[in-house]
Structure formats: structure tokens, C-alpha cells
Amino acid sequence: MTQSLAPRLLGAKVKRVEDPRFLLGKARYIDDMVRPGMLHAAFLRSPIPHGNVRSVDVGPALAMERVRAALTGRDIATKVKPIVCDSTFEGFKSSNYHAIALDKVRYVGEALAIVAADTRYIAEDAIEMIEFDIDELGPVASIAAATREGAPLLHEHWGDNFFIEDLLEAGDVESAFRDAHGVFEINVSNQRHSGIPLETRGVIAEFDSDGVLTMWSATQIPHMVRTGMADCLEVPEHKIRVIAPDVGGGFGPKGHLFPEELAVCQLAIETGRPIKWIEDRREHMLSTFHAREHYHRVKVAYTEEGVVTALDATIEVDCGAYSIYPWTAAMDVEMGLVMLPGPYKIRNFRCEAQSVATNKCPFGAYRGVARTAVCFSIERIMDQVANKVGLDPVEVRRRNLIRSDEFPYMSITGMEYDSGSLIESLDKVCDEADYKAMRQFQEEARSEGRMVGIGVSVFTEQTAPPADKGLPLNFSWDAATVRMDPSGKVVVQVGTHSHGQGHETTLAQIVADELELPLADVRIAFGDTESTPNGIGTFASRSAVVAGSASYLAAVSVKENLTERAAHLLEASVEDVEVKAGRISVKGAPEQSVSIAEVARISYHHPELLDPSMEPLLEAVATYNAGPGTYANSAQIALIEVDAETGKFKILRYLVVEDCGQMINPTIVDGQVHGGIAQGLGGALFEELIYDDEGQLLTTTFLDYLMPGATDIPNIEVSHLVTPSAFVPNGIKGMGEGGAVAPGAVLACAIEDAIKPIGEVFVDRTPLTPERVVRFIEAASSGGGVE
Ligand code: MCN
Ligand code: SMO
């Protein structure tokens, strides 16, 4: 058989086709858009964390010149339903999240009113004129404050401040603890921080004379947002169009329906004018959903050989004031609950989990949802076991990891790991690092009095997950339309949304490959509910799997149609023709051929030349359901040197082995790993949203909230293993969040290791600021134990 001369695009390091637009400053974000007659909105936000709203008077604002409209919670109370997003898990308590606070405010930054004016400046000035009266209630600014006897209640009818309390128990925990060689307990925490995309949120809403509401929004999930809008607004879903244009980073925070979106839409409906709202950075810090704030207590049973036999854990998550759409306030605890054992073969498990309501910004998604926290805990546990039984941390992990021949593996918590290369990736990252030489280097450095440490972590990453996570909607599938035009070129419409990930390149690689077309002949389109098939969106490292597979399946169908038509035109049977490099020819007789472009032209413009059973359209829509999800995995190692005096440390090397099955585009995969690790390092080292005891957010600017800069990110050495997914077409697994999961765990391990010559200390939390590292060093030198 003749081989295609064109190299395969799947797996090729193709340059990103979207980049010229971004690099030349030609991308189109919400704030670049202007609509005729557009007004500009600003929000009045509550300075009080908890209180009953007595009155909000927008009269003085409306009296200002060029102020056109204003709405309060009361104004929209009968028109806009609150966002209600209940988990289907038993015992979950419902919260009403109003687009604009009605009777009560529950966090600093919650909207009290929206004003529209001719310019944003005027709108901001008008906000200052609004008079309001709030009866303050006691602020509940931490889990401790929320769970204290007699604590003020956020949602009075609950009777307490728990969104949900859950318990998962499997295996025989009691016996495992009774028979253990040793038992210990750790208490660890990860601080509140978030994705902080470069572009803040932005919305334009327009309501036309046909009653169609169009909302442009910087969102990762246009279709789900549309459903949420229809649930809350008095506009049916077929009259709502959501457009997500270029989006300047999402990272999870932009994957929600926001109250601001509803308020801006309602203002557009009531004024009949297009309304634009662009969030400023202070608003972003105050009111774009936060993430990560986990507290874990885990009791561990282990054998003399360093094998962990049981965990008995408590997971508490500070979820802020409201349950968020569509993920609910149960997301992090429920994911944490099933993911805590991670890549390790732990067969006895008990975990209590509590999702706590506090007077803080609601808690939502951020790259590596729940996994950063559980990875931190389980990896801290592995390091403790290594210390206790006197084994190298790499060896302890090797003894506990699921072996390749044990896949598919059902975890004790019911996670169905399809395949993986856990031990192999750990071994490979050790090889790449030359682990022995690294330890040698450490010895030598130590003999010179330098503090050098090595940290290691391994994790599984659930990608394209199943929908049985207690959510009110099923998100395990997505859709694509592959539409060939009369010139034989293709537009692919997908339900997912690319906001930095590079889908315009990778999805085109899949479709072009299947249709034997050059990459330039395939264009990927997304982010408009009017033109794309109904879909779900981009989050949970799912697009390569679900949009990639839906696009692939639709392309297979179009190819079949092409082949049938060509066979008819060539007077050959379908089995006797083949598609290669843009042409369809009779096998063994390449001179009898027709180009794809010719078939397409005939299909649309001369369908009479086809068999009457053949439709003119050359397009197909396909859906793909990822079932139980597919698991990528990764191992990471860092070598660091700590300055004992200042507590600052340098990352001398950072190595990653990553396995996401078949890579569509290795350059993009590496870029995702780099970006993920940069974000993971941000969380491990600097980023923290700090509330005081009164519920005031102290970190509302980039002076107070430190982001990593280019000089903080080391050279990241990435290599790969390829364990194809057993069931996803082309063997693809997702990977977009993976990088962000482990840096906290890796660096905690490395710092503890660096401090070891001074003494034992347990690194129990992030961020690992210089100040905190100094305290760890002091604790170690004073014979210290845990900080
Ligand atoms: N890819 C590939 N081969 C694979 C797997 C993935 O070439 N085997 C490519 C994909 O085609 C895609 C990228 O790698 O271009 C990431 O793919 P995937 O793992 O499917 O993740 P998604 O595309 O669904 O993106 C979501 C993921 C999440 S959940 C967060 S959070 C995050 C992340 O992507 N947000 C990001 N990476 C981000 N990167 C940028 N620049 N901006 C964000 O907001
Ligand atoms: S936090 Mo990513 O959008 O799942």
C-alpha cells in the first residue's frame, strides 16, 4: 500500500496557529468591543462582610448628569432569580446567591447596586453617591469562627454553617491501625489563593427588539452560562446568545456563572441599551471566586517496610458565602474525599469532609481543583513515612505506588484509574535528574555548610472526568461539528473554549490528519452558542479528550461521506478507494482519482452528479462522552538551595516527567506543563488572599498579593512517557492542569530535606515564604518538631 507522503499531524510539534493574532496585539477581548449606544457599568460593593441590608438608595447617583440607570437588589428581586446551585449529595444545604444582595450581605465585595453611565468614570463617581444602611452582624471569617458554639449563621435556616458534611469509609481502618508498625498524624493546610488571569472578568449585554439577549463574556463555559442565565432571568434559553471571544486566561475562575453577569444583563434588558462592565483588579481580588483553602488532618498507619496501610482523615474547606454555579460548594470536599489516596495503593480509608460557609468571597475552581491540596497531604505523608522507617523518599514512593500491571485499578475510594506509568515516571524523572549525582552534590554542599534539599512528588491527574460528582448537571460529554465547504476546506465548531490552551492548533491537527488535508485548510471555531453545537466548555483538562474525540468522530463521518461520493464519481466501490494527501483515488490505480476539493464542489453545486441517496451537505456533528474519565500522571523533582539567614531559596533544577498518553502537540503540552508549574510555584511560594478576623480582605492589589515573575520561575526540564488511554480515540489523555498540582508538595519536601542537617521539622503549609522558611529553620535548630 502507498503511504501518505504528508507527515502525521497528530503528535507533531506544530507552531500555534493562533499566536500571530496574540503576539501582534490583534486578539479581540471584551474590552476591545464597542456596541452602538453602549453604557458603562460599575458596581457598588459591600464594605461590610456580614449584615442585614436595611436600605440602598441610588437616588443621589441617578440625579447625576450622564448617569442613565441604576439597580438595587430590591429593584430586581421579582425579576432575577438568585443563583441556586445545590449538590445532589445528601445533606447539602442550599444558598440563594442574588445577582445583587437583597436582604443580607455575606462577604466584602458582594454587589449592593449597579449603575450605568455614559462613561466608566461617571459610573464610578455615581457609585460613591449611593447611600446605604447595613445592620452589621458578627463576621465569620474562618472555619474556626464558623464552627464555634454560637457562631453567627450565614444562612440562618441552616442551623449551622456547613454546606455539607460527608463521610467516606472503605476497607477496615480499625484493624489496619491496630496492626500497624507505626502510626502518626499530620495537620496541613493550603492558603486561599486563585487563578488571577491577566484579563479580569468582562461582560457586555445587549437586548434587542426581538427579545434576544446577547451576552459577550470572558467565560470558559458559554453554554453552561447560558443555561444558568435562562434559569435566573426572564428570557428563555433559545433567546439567549452567549459569546466568549478571545479570553485572556481563565485558569478555572472564569468557569462559573457570576452574579455580575446577571446584573449586567438585567440592566441591558431594562434600559434597552448595551451595557459594558469591565472588572478592575481590586474587584477581581474581592469578588472573582477564590480557591485552594484546605485544611487536612490525617492519621496514618504504616508497616515496617514503609507501606501505608490506612488513612483516617478530616478535610475541611473554607468555601466562603455561597454555593457557586455550576460546581457547587461541595466540589472541593467531594473531590478531596475521593482523591486523597492519589497514586498510592491504600486499601483502608476513612475520611470526614466538611464544606464550611464563611463571610468570604465564594470558593470556586482553580487549575488542579482539590488535587493541589490532596497531593500536598499524601506526599507529606510519604515523606514522613520515609523519615520514620529510614528509607529514601523515592524508595518509599516506589513501594506504595500502583504498578503498571495493576491497571485498570479501582481505588479504595471508587476512582477508576484506566492506565498509567507511575513507577516508570518516578524512575524516569530520577534518571533525568541523575538522582544519585544529585544526592552526591547535596552531600558535598552540606559538607561546606550549604543547605541543599531535594523534593519529589508523584500524582495521578483525573482528566475529562465523569459527571457523578454530585453536580446538578452532567458534564462528561462535548460536541463538535465538522463542516466542509464547497472548496474542500473545513470549519470545526466545538462546544469547548480555548483561552490560552491552543485548541485552534491541536483540534485542527486531529481533523486535518483524519481528512488528509493540510493544517491550514482546517479552522477551529468556538465560543458562540449561536453557531457551535450545544456543548459544555473548557475546564477539568477535558478538551483534548472530549472536543478532540468529538471532532475526530465528526471528521471520520465526513471522510466516509467523501469516500462514498468519490467512489460514485470514480465508478468504483467504496472499499476500493482511499483518501490520501487531499485526493481520493482507486487503490492501486492512483491516476484514477479526484481531489477532495472537487468532490466538495460537486457535492454542493452539482449534487445531481451524485447518487440520489447522497445529501449535498458535507458535514457531521458528533458527541463524545468520556465515561469515567482518563488519568494522566506525572512525577516531579526539584533541587533547591536555601539561604539560612533570609529563608529565601533558589530552585537549582526542576524536572518533570509527564504522561498524557498520545500527545497531539508536544510543544503545546510542554507549554501547558511550564504554565502549570509557574502557577503551582506561585501558590507554593507567594500567593495568598488574606482576610483579617473582621472579614476584610487585606490583599486587594498586586503589592499585597504577590504573583511569580519570570525570574522566579526556574528552567523547567520536561520529558515524557506515553501510556495511551485505553478507550479514548487516538489514545489521548488530558493534562492541562497537571503542572499546577505538585509544586507545593515538591518544595515542602525539598525544604524539609534542606533543613535536615540542622534538625527535624515538619513543613505543614504553603506558601513557603522566606519568613516562614526561617521559622522552620528556627524550629529545627531548637530541637523543634512541628512549627
Ligand atoms: N494536549 C495535547 N495532547 C494531549 C493532551 C493535551 O496536545 N494528550 C493539548 C490540548 O490539545 C490543549 C492543551 O494541551 O491544547 C490542554 O489540553 P487539555 O488537558 O485537554 O485541557 P483543556 O484544553 O481542557 O484546558 C483546560 C485546562 C484547565 S482545566 C485549566 S484550569 C487551565 C489549563 O487548561 N487553564 C489555562 N491551561 C491553561 N492554559 C492557558 N494558557 N490558559 C488557561 O486559562
Ligand atoms: S480549574 Mo480548570 O478550569 O478545571
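The entries below cover the helix pair, then the pocket.

**Entry 1: the helix pair**

I am working on a predicted model. I looked up helix 12 (residues 393-400) against helix 13 (residues 422-433). Their axes come within 10 Å and cross at roughly 160°. Angles over 145 degrees count as roughly antiparallel. Helix 12 and helix 13 are therefore roughly antiparallel to each other. I also noted the hand: helix 12 passes helix 13 in a left-handed crossing.

Next I asked which residues make the contact. From helix 12 I listed Val 394, Arg 397 and Arg 398. From helix 13 I listed Ile 423, Leu 426, Asp 427 and Cys 430. I sorted the residues of this contact by type: 4 are nonpolar, 3 are charged and none is polar.

**Entry 2: the second largest pocket**

I turned to the second largest pocket and read off a volume of about 500 Å³. Its lining has 25 residues. Which of them lie closest to the centre? I found Glu 293, Tyr 295, Lys 360, Glu 688 and Tyr 691.

Helix 5 supplies the largest share, 3 residues. By type, I sorted the lining of the second largest pocket into 10 nonpolar, 10 charged and 5 polar residues.

Note on methods: Residues are numbered from 1 along each chain as its sequence is written. Chains are lettered from A and ligands numbered from 1 in the order in which they are written. This is a predicted model: local features need pLDDT of at least 70, side-chain atom pairs count only at pLDDT 80 or more; totals for chains, interfaces and linings use all residues. Side-chain values use heavy atoms; hydrogens and water are left out. Axes are lines fitted to C-alpha atoms, for helices over the stretch in contact, and angles run from 0 to 180 degrees between N-to-C directions. Helices (H or I, at least four residues) and strands (E, at least two) are DSSP runs, numbered from the N terminus. Angles under 35 degrees count as roughly parallel, over 145 as roughly antiparallel, 65 to 115 as roughly perpendicular and the rest as oblique. A crossing is left-handed if the near helix is turned anticlockwise from the far one by less than a right angle, and right-handed if clockwise. Contact means heavy atoms within 4.5 Å. Ala, Val, Leu, Ile, Met, Phe, Trp, Tyr, Cys and Pro count as nonpolar, Asp, Glu, Lys and Arg as charged, and the others, Gly among them, as polar. On a 1 Å grid over the protein atoms alone, a cavity is a set of points where a 1.4 Å probe fits but cannot get out, and a pocket is an open set with protein on both sides within 12 Å along at least five of seven lines; lining residues have an atom within 4 Å of a point. Grid points are joined across faces, edges and corners, and a volume is the space filled by probe spheres set on the points.
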